[in-house]
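Open the model in your viewer and keep the selection tool ready. Each stop says what to select and what is there.

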Amino acid sequence: MSRLVDLYDGFLFELDGLLDADGGLIPYARETLRALTRVAFLTNNVTSTPVGVTALLAGLGVAAHHGQVVTQSQAAARLVSGLVPGPSDEFVLGTAPTRAEGEPSYPPLIRAAVHRTRAPRPLVITGRLKCVAAARTLRLPSVLLLTPTSDLTELLHTPPQLRPTFVATDIRDLFRRQPIVDCDSRYWSCEGWIATVSQGELRLYPGPLSSLAAGARVLCAAAWNHPGPTLETTAALKLFTQLVEESG
């Protein structure tokens with residue numbers, strides 16, 4: 001089992017994934033960011049500027065410089081000017097997907113963030129499945145950081161080509177060894193947590209609250225390996241959400 005900080009050397013944070021519903025930092029974000037090197041912050045807010053983002057982070061106790069920030073307008077400018085690596089760099093950066101008119105595009109943001117960090121092994125950290133999908137399109141690994149507003153139902157029903165590489169319930173999971181999910185007779189287990197599918201219903205058997213990420217992993221493993229056309233997830237997700245709330 002390896003730690004993500006040992007596997008990757010560049011950390012591309014989507015800004016919204018670092019903020020809670022009140023606009024403050026999610027728990028332990030400040031300490032985590034201070035301990036990392038080669039960090040970039042990306043935002044798809046079309047009105048954001050590097051100065052504004054660094055000022056926001058500074059107000060939250062995070063020291064960042066303008067060169068670490070990638071905004072939508074900057075990414076678009078780099079794309080137009082040809083400074084962002086194109087389809088020929090497919091082994092790392094892939095190609096950009098088409099998008100609806102007016103919809104913010106993540107691929108140019110991620111490309112520009114990779115360019116900023118110069119990291120050979122970058123990792124995208126986000127709270128949004130759309131950003132995860134863009135990372136997959138660009139053939140980059142990603143962490144989906146679950147928050148109280150995460151749509152777990154959508155996550156469990158996400159098709160293979162749009163799924164995150166890793167799922168975390170705490171930003172400190174970047175520094176923790178990533179446990180392996182085992183399967184035995186359709187029972188998926190990890191650090192005392194077990195999930196299975198019985199008669200089309202996802203079932204969760206909780207483990208220690210100190211390893212909530214393991215619970216998220218077994219839920220995903222059981223759901224993503226279910227061969228049936230439909231899967232009832234309501235009860236299992238309700239239980240998991242209650243346990244997350246209890247853990248504080």
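Select strand S1, residues 10-14. It is mostly covered, with 5 of its 5 residues buried (under 20% relative accessible area with a 1.4 Å probe, protein chains only; over 50% is exposed, in between partly exposed). Strands here are DSSP E runs of at least two residues, helices are H or I runs of at least four, and both are numbered from the N terminus. This is a predicted model: local features need pLDDT of at least 70, side-chain atom pairs count only at pLDDT 80 or more, and totals for chains, interfaces and linings use all residues. Residues are numbered from 1 along each chain as its sequence is written, and side-chain values use heavy atoms, leaving out hydrogens and water.

Now show the side chains of S1. In a regular strand, side chains alternate between the two faces of the sheet. Gly10, Leu12 and Glu14 are buried on one side of S1, and Phe11 and Phe13 on the other.

S1 pairs with strand S4 (residues 122-126) in the parallel sense, over 4 bridges; pairing takes at least two DSSP bridges. Phenylalanine 13 stands opposite isoleucine 125 in S4. S1 also pairs in parallel with strand S2 (residues 39-42), over 4 bridges. There, phenylalanine 41 is the bridge partner of phenylalanine 13. From S1 the chain crosses through helix H2 (residues 29-35) to S2, a right-handed β-α-β crossover (clockwise from the first strand over the helix to the second, with the strands pointing away from the viewer).

Next, select the open sheet S7-S8-S9-S10. Its 4 strands pair in the antiparallel sense. Zoom in on S7 and S8 (residues 187-190), which share 3 bridges. Aspartate 182 stands opposite serine 189 in S8.

Then pick serine 211, in the loop between S10 and H8. Is serine 211 buried or exposed? At 11% relative accessibility, serine 211 counts as buried. Beyond residues up to four places away in sequence, it touches Glu191 and Trp193 (contact means heavy atoms within 4.5 Å).

Finish with helices H8 (residues 212-224) and H9 (residues 234-247). Their axes come within 11 Å and cross at roughly 170 degrees. H8 and H9 are therefore roughly antiparallel (angles over 145 degrees). Leu212, Gly215, Ala216 and Leu219 in H8 meet H9 residues including Phe240 and Leu243. H8 lies across S8, S9 and S10, while H9 lies across S9 and S10.

Key
Axes fitted to C-alpha atoms, helices over the stretch in contact; angles between N-to-C directions. Parallel < 35°, antiparallel > 145°, perpendicular 65-115°, else oblique.
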